Amino acid sequence: MQESENMISFEERRMQRVIDAVALASTGEVELALKQLGAVEQDAFGVVEEALRVFLSELSATAEQNAQALAALAASKRELESQLETIQRQECAIRELSVPIIDIWHGILTLPLVGLIDSMRAVEVTERLLARVADDSDVEWVILDLTGVTVIDSMTAQHLVKLAQAVRLLGARCVLTGLGGHVAETLVTIGVSFDELNPMRSLREGLRFCLAQRRAGAAALAAHGERSRPRTQP
């Protein structure tokens, strides 16, 4: 009788050990569950214990593989984010270089454009240049130098005209220099009005024109001031 009770008690402990192992495994503590099983008895119930041990071992290996895969994904994400940040910085640098606004003289800016000027780039040029003119009240003239531009489409040409008009509204004026044959032909073909563009052959001629206009304006102001000054009686 005593032996039978001891056997029942032993089987209950084994059953409870299996239940505890399964409970631990359900919370993710697979390694602790394996330790909870302990030694496997070579009997009928031991087959169940061994099957559970194999299952938990495979579950542990799978969990480890998943953890490694997640770590690799996280590392890839960090690397991708770093690459995206680098690309964004490079794009900003390229935009800065593609729209170089230069103070060529006091009150005179020059914007040398190089390469293909498409509509998107024309819009970017317009935005940056107008922001610069609006921020600097001393700007009187803007020289758009197209020496490095070989091809221009009709829409972009219209953008240049609108840019000159917008600059005029901000209190400055534009000069277009360095026109090549194809660019000049495009402007003429679409009937662009050159009243706002003041086309010149080269950047040097454009600068001379701007300086001459400034001197003429200063002389006119001086003459107007002289005429408006009240005369003194002898």
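This is a predicted model: local features need pLDDT of at least 70, side-chain atom pairs count only at pLDDT 80 or more; totals for chains, interfaces and linings use all residues.

The protein has 234 residues, and 28% of them are buried. Its exposed surface comes to about 15300 Å², with 58% of that supplied by carbon and sulfur atoms. Taking the contacts between residues at least 6 apart in sequence, 67% join residues at least 24 apart.

With that picture in mind, let's turn to charged side chains. How many salt bridges does a search of the whole structure find? The search finds two.

One of them brings together the side chains of arginine 132 and aspartate 103, at 2.7 Å from N to O. Try to find both ends: arginine 132 sits in helix α4 (residues 119-135), while aspartate 103 belongs to strand β1 (residues 102-105), so this pair links distant parts of the chain, 29 residues apart. Arginine 132 is partly exposed, at 23% relative accessibility, and aspartate 103 is partly exposed too, with a relative accessible area of 47%.

In the other salt bridge, the side chain of arginine 214 meets that of glutamate 140, at 3.5 Å from N to O. Arginine 214 is in helix α7 (residues 203-228) and glutamate 140 is in the loop between α4 and β3, so the pair ties together parts that lie 74 residues apart in sequence. Both ends are again partly exposed: arginine 214 has 23% relative accessibility, and glutamate 140 has 35%.

Our last stop is about rings. The structure holds one aromatic pair. Its partners are tryptophan 141 and phenylalanine 209, arranged edge-to-face, 5.5 Å from centre to centre and with 80° between the planes. Because tryptophan 141 lies in strand β3 and phenylalanine 209 in helix α7, this pair ties together parts that are 68 residues apart in sequence. Are these two residues buried or exposed? Tryptophan 141 and phenylalanine 209 are both buried.

Conventions: Residues are numbered from 1 along each chain as its sequence is written. Side-chain values use heavy atoms; hydrogens and water are left out. Buried means under 20% relative accessible area, exposed over 50%, partly exposed in between (1.4 Å probe, protein chains only). Contact means heavy atoms within 4.5 Å. Accessible areas come from the Shrake-Rupley method with a 1.4 Å probe; for residues, only the protein chains shown count as cover. A salt bridge is a side-chain nitrogen of Lys or Arg within 4 Å of a carboxyl oxygen of Asp or Glu. Helices (H or I, at least four residues) and strands (E, at least two) are DSSP runs, numbered from the N terminus. Rings of Phe, Tyr and Trp (its six-membered ring) pair if their centres lie within 6.5 Å; planes under 30 degrees apart count as stacked, over 60 as edge-to-face and the rest as tilted.
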